[in-house]
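Open the model in your viewer and keep the sequence panel handy. We'll go stop by stop, selecting something and looking at what is there.

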Amino acid sequence: MQELIRSLLAEMGEDPTREGLLDTPKRVEKAYKFLTSGYDADIDQVLNNALFTVDYSEMVIVKDIDFYSLCEHHLLPFFGKCHVAYIPTTKVIGLSKIPRLVDVFARRLQVQERLTNQIANVIKDKISPMGVAVVMEATHLCMSMRGVEKQNSFAVTSAMAGVFRDNARTRMEFLELIKLRSGAAGVIEQRTPAGLACVDDY
Ligand SMILES: [Zn+2]
């Protein structure tokens, strides 16, 4: 990868041999390896015995989870907050494991919609809850840094399954509890249009 980064620097019009850039290929490789380490993560190892059988059927919410990901269209960061809720049937996930799950999928090349769905799906698969909801609010540097459509550089995506999809009261209770900073609860009600996050056609 370091050779590619040296070529990239040259393509940008830089001199890869000047002092300030000498170690840049090494640093960039290290950074990219970390930022894409989710490809090598084993979900079962991440959850590592943190699935517990309980007699509890109220909503479990973990909100304001910071996440950082890279958009697959531009390899630029998008980052923000993730909110996760589920209603257990027989099993819960250790609370500290939820942010770890978010990281596993965020540390890959992503689009925000798929990232949101993957987090919801893994919770569905692992503990078969009555319902699961994931909402992600993120700023996309590929939009804001390039100065395009500034008002769209902030995107909200959601994945709702089970009772969160079928029961409007459960869904509203969740949305009320996470109080979106964009105030986009109404938008989510109507479902976020596909392709909202990080438009790929320019
Ligand atoms: Zn992008």
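In what order do the 5 strands of the open sheet lie? Select them and read across: β5-β2-β3-β6-β7, with mixed pairing. Two strands pair here if DSSP finds at least two bridges between them. Helices (H or I, at least four residues) and strands (E, at least two) are DSSP runs, numbered from the N terminus.

Before going on, some ground rules. This is a predicted model, in which local features need pLDDT of at least 70 and side-chain atom pairs count only at pLDDT 80 or more, while totals for chains, interfaces and linings use all residues. Residues are numbered from 1 along each chain as its sequence is written, and side-chain values use heavy atoms, leaving out hydrogens and water.

**Stop 1**

Color the edges: β5 (109-110) and β7 (154-162) each pair on one side only. Now select β2, residues 60-71. With β5 it pairs in the parallel sense over 2 bridges, and you can find L70 standing opposite L109 in β5. With β3, strand β2 pairs in the antiparallel sense over 9 bridges; look for V60 opposite Y86 in β3. The β2 and β3 hairpin has 5 residues between the strands, and L75 takes a positive phi near 55 degrees in it.

**Stop 2: the helices over the sheet**

Show helix α5, residues 112-127. It lies across β2, β3 (77-87), β5, β6 (131-140) and β7, and runs at about 155 degrees to β6. Next, show helix α8 (residues 168-178), which lies across β2, β3, β6 and β7 at about 135 degrees to β3. For these angles, axes are lines fitted to C-alpha atoms, for helices over the stretch in contact, and angles run from 0 to 180 degrees between N-to-C directions.

Then pick helix α4, residues 97-106. Is α4 mostly covered or mostly open? Mostly covered: 7 of its 10 residues are buried. Buried means under 20% relative accessible area, exposed over 50%, and partly exposed in between (1.4 Å probe, protein chains only). The buried residues of α4 are K97, I98, L101, V102, V104, F105 and A106.

**Stop 3: the cores**

Which residues have the most contacts inside the largest nonpolar core? Select F67, C82, Y86, I119 and I123; the core has 34 residues. A nonpolar core is a set of buried Ala, Val, Leu, Ile, Met, Phe, Trp, Tyr and Cys residues joined through side-chain atoms within 4.5 Å. Zoom in on I123: not counting residues up to four places away in sequence, it touches V84, Y86, I93, I98, L101, S128, P129 and V132. Contact means heavy atoms within 4.5 Å. A second, separate core has 11 residues, including M59, M160, L175 and I178.

**Stop 4: aromatic pairs**

How many aromatic pairs are there? The count comes to 3. Rings of Phe, Tyr and Trp (its six-membered ring) pair if their centres lie within 6.5 Å; planes under 30 degrees apart count as stacked, over 60 as edge-to-face and the rest as tilted.

One of them is F67 with F78, edge-to-face at 6.1 Å centre to centre and 75 degrees between the planes. F67 sits in strand β2 and F78 in strand β3, 11 residues apart. F67 counts as buried because its relative accessibility is 0%, and F78 is buried at 1%.

Now select F164 and F174: the ring centres are 5.7 Å apart and the planes are at 75 degrees, so this pair is edge-to-face. F164 lies in helix α7 (residues 163-166) and F174 in helix α8, so the pair ties together parts 10 residues apart in sequence. Both F164 and F174 are buried.

**Stop 5: K91**

Find K91 in strand β4, residues 91-93. K91 counts as partly exposed because its relative accessibility is 32%. Leaving aside neighbours within four places in sequence, K91 is in contact with F52, T53, V54, Y86 and I127.

**Last stop: confidence**

Color by pLDDT, the predictor's confidence in each residue, from 0 to 100. The chain averages 88, and 86% of the residues score at least 70. Over residues 189-195 the pLDDT is below 50. Where pLDDT is low, the predicted coordinates should not be read in detail.
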